[in-house]
Amino acid sequence: MRLGAVALASVSLLALAPSGPPALPERLADTGGGSQLITAEAPRANATSGTLTWWDRRDGHWVRAGSAVARFGARGLVEGGSRRQSTNTTPTGLYGLPYAFGIRKAPDGTRIPYRPVHQGSWWCEDNASLSYNRWTEPRPADCRAAESEHLITYDPQYAYALVVGFNYDRPVRGRGAGIFLHVDGRGATAGCVSVPVDAMRRILAWVDPARGPHIAIGTTGGDTALTRY
């Protein structure tokens, strides 16, 4: 083979060679069918911190749009379908993002529906209530305050938040309520995913309901691996 042909063949092989491992969303079993995805990945099931990354799908590939350090439940992560309420665990799985809310004004550019938190805003977590796992304003008589969250009292956590659609469409009593992506507090969460306030502002300005955004929560490997979802 002539030298020129060898060089041309080498260039062709380099062009065909993979440039690196596929992006994380490319390895997931399902990304929700939209063109925006948030991944919240912990290194193992008992971890309380990890990485949150938000992705755009462009020209058939997933491209990283941003990332931040994330915190998870104080008792780690568990499979969403078997999670129990009040266990301080973050449910793994793939979920929609119904809407956002916050004590503070929505960041400029926010397109997802955004509910301002008022003095009478509650998230009902009372298993006996007809409003279980729903925003209520005001709090209904069948929803006990001791079993619910008075949203305005969670500052800075609920300065900005996205509702995670865990146990949301058809709530199962006892599985858990009030799972959000929100601003960091002092440490691990009670089951939510949290990020620094600047990251939360950027996410709200980025997320677009017209693009079918979802969040995938899981671990690097094992039974709760992100690649299962």
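This is a predicted model: local features need pLDDT of at least 70, side-chain atom pairs count only at pLDDT 80 or more; totals for chains, interfaces and linings use all residues.
Residues are numbered from 1 along each chain as its sequence is written, and local features need pLDDT of at least 70, with side-chain atom pairs counted only at pLDDT 80 or more, whereas totals for chains, interfaces and linings use all residues. Side-chain values use heavy atoms, and hydrogens and water are left out.

Seven aromatic pairs are present in the structure, where rings of Phe, Tyr and Trp (its six-membered ring) pair if their centres lie within 6.5 Å, and planes under 30 degrees apart count as stacked, over 60 as edge-to-face and the rest as tilted. F101 and F180 form an edge-to-face pair, at 5.0 Å centre to centre with 80° between the planes. Because F101 lies in strand β6 (residues 100-102) and F180 in strand β12 (residues 180-183), this pair ties together parts that are 79 residues apart in sequence; strands are DSSP runs (E, at least two residues), numbered from the N terminus. F101, at 0% relative accessibility, counts as buried, a term that means under 20% relative accessible area (1.4 Å probe, protein chains only). One aromatic cluster is formed by F101, W123, W135, Y154, Y158 and F180.

The count of disulfides, defined as pairs of cysteine sulfur atoms within 2.5 Å, comes to one. C124 and C143 form this disulfide, with their sulfur atoms 2.3 Å apart, and the torsion about the S-S bond is about 125°, so the disulfide is right-handed. Both C124 and C143 are buried. C192, by contrast, is in no disulfide, the nearest cysteine sulfur, that of C124, being 15 Å away.

Notes:
Helices (H or I, at least four residues) and strands (E, at least two) are DSSP runs, numbered from the N terminus. Buried means under 20% relative accessible area, exposed over 50%, partly exposed in between (1.4 Å probe, protein chains only).
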